[in-house]
Structures are given as C-alpha cells and as structure tokens.
Amino acid sequence: MKLYQYPNCSTCRQASKFLRENGVDVTSIDISKQPPTEAELEAMLAVYDGDIGKLFNRSGVRYRELKLKDSLPTMSSQQAIKLLAGDGKLIKRPFLITDHGQGVVGFKADAWQEFV
C-alpha cells in the first residue's frame with residue numbers, strides 16, 4: 001500500500017502511527033512532492049462512487065486560492081483529476097491506496113480499521 005501524506009500534517013502523523021500500531025506495511029510518500037497518479041486518483045474516485053469532492057482538501061489554502069468552491073461543481077471529473085494530479089496540496093490527506101485501486105482518504109480510525 002501507498003500512504004500519500006504531508007509530513008507537517010498532524011492527521012497524517014496519526015494515520016501513520018495507526019498503521020504502524022496495526023502492523024500495516026506501507027510506502028510513505030510526500031503528497032506535496034509526488035501526488036498520486038491520475039490512475040490512482042481515478043481508482044479512488046471509483047471508491048467514492050464518482051464524488052470528486054471527496055478527493056479535495058476543501059480546507060486547504062490552495063483550494064481557496066483557486067476558488068474551487070465555485071468552479072468544482074462545473075468541472076468535469078477528468079479536469080478535476082488532472083488538477084489534483086498536478087498539485088498534491090489540493091488532495092485530501094492522508095491518502096491510502098492499495099496496488100489494486102482500493103483505498104481511503106482522510107483519517108478516521110474506525111474507517112481505517114475496517115479498511116486494513
């Protein structure tokens with residue numbers, strides 16, 4: 001599994017600790033330096049039944065700077081995927097994905113326990 005995270009994010013640190021404590025082996029990747037691929041984002045979009053908004057970090061500075069609250073509803077999924085793949089700070093984190101395209105974004109211990 002890959003854990004896309006931002007080192008300064010306290011929620012990401014909680015998720016990483018949770019995974020270690022549960023014996024889950026992951027490859028940790030700095031999401032700001034190497035965002036998930038378009039294929040990984042598309043797989044995660046399928047996990048969330050096509051709800052592209054679930055993949056965006058809606059509380060982030062970049063989200064506000066780009067005024068995505070207004071433009072996201074009219075954006076195609078493909079446009080949104082390209083935008084996310086180009087800027088990891090737009091992606092909700094932590095972002096955990098398997099090699100088979102299953103995953104979860106954001107950290108909620110109950111959901112992650114069920115997933116892993």
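**Close-up views of charged side chains**

**View 1. Glu21 forms a salt bridge with Lys17, and the closest N and O atoms of this pair are 3.9 Å apart.** The model is a predicted one, and in it Glu21 and Lys17 both belong to helix 1 (residues 10–21), where they are four residues apart, about one turn of the helix. Glu21 counts as exposed because its relative accessible area is 58%, a value over the 50% cut-off. Lys17, in contrast, has a relative accessibility of 46% and therefore counts as partly exposed.

**View 2. Lys2 and Glu40 bring their side chains together in a salt bridge, with an N to O distance of 2.9 Å.** Lys2 is part of strand 1 (residues 2–5) and Glu40 is part of helix 2 (residues 38–47), so this pair ties together parts of the chain that are 38 residues apart in sequence. With a relative accessibility of 28%, Lys2 counts as partly exposed, whereas Glu40, at 12%, counts as buried.

**View 3. A salt bridge joins the side chains of Arg62 and Asp87, with 2.7 Å from N to O.** Because Arg62 lies in helix 3 (residues 61–65) and Asp87 in the loop between helix 5 (77–86) and strand 3 (95–97), the pair ties together parts that are 25 residues apart in sequence. Salt bridges with shared partners link Arg62, Glu65 and Asp87 into one network. Within this view, Arg62 counts as partly exposed at 31% relative accessibility, while Asp87 has a relative accessibility of 17% and so counts as buried, the cut-off for that class being under 20%. Across the whole structure, a search finds five salt bridges, among them the pair of Arg62 and Asp87 shown here.

**View 4. Four residues, Lys54, Arg58, Lys92 and Lys108, gather on the surface in a patch of positive charge.** One of these, Lys108, is found in the loop that runs between strand 4 (103–105) and helix 6 (109–115). Lys108 counts as exposed because its relative accessibility is 62%.

Definitions and conventions:
Residues are numbered from 1 along each chain as its sequence is written. This is a predicted model: local features need pLDDT of at least 70, side-chain atom pairs count only at pLDDT 80 or more; totals for chains, interfaces and linings use all residues. Side-chain values use heavy atoms; hydrogens and water are left out. Patches are made of residues with over 30% relative accessible area and no salt bridge: like charges are joined within 9 Å, nonpolar side chains (Val, Leu, Ile, Met, Phe, Trp, Tyr) within 5 Å. Accessible areas come from the Shrake-Rupley method with a 1.4 Å probe; for residues, only the protein chains shown count as cover. Lys and Arg count as positive and Asp and Glu as negative; His and the chain ends are not counted. The place of a charge is taken as NZ of Lys, CZ of Arg, CG of Asp or CD of Glu. Helices (H or I, at least four residues) and strands (E, at least two) are DSSP runs, numbered from the N terminus. Buried means under 20% relative accessible area, exposed over 50%, partly exposed in between (1.4 Å probe, protein chains only).
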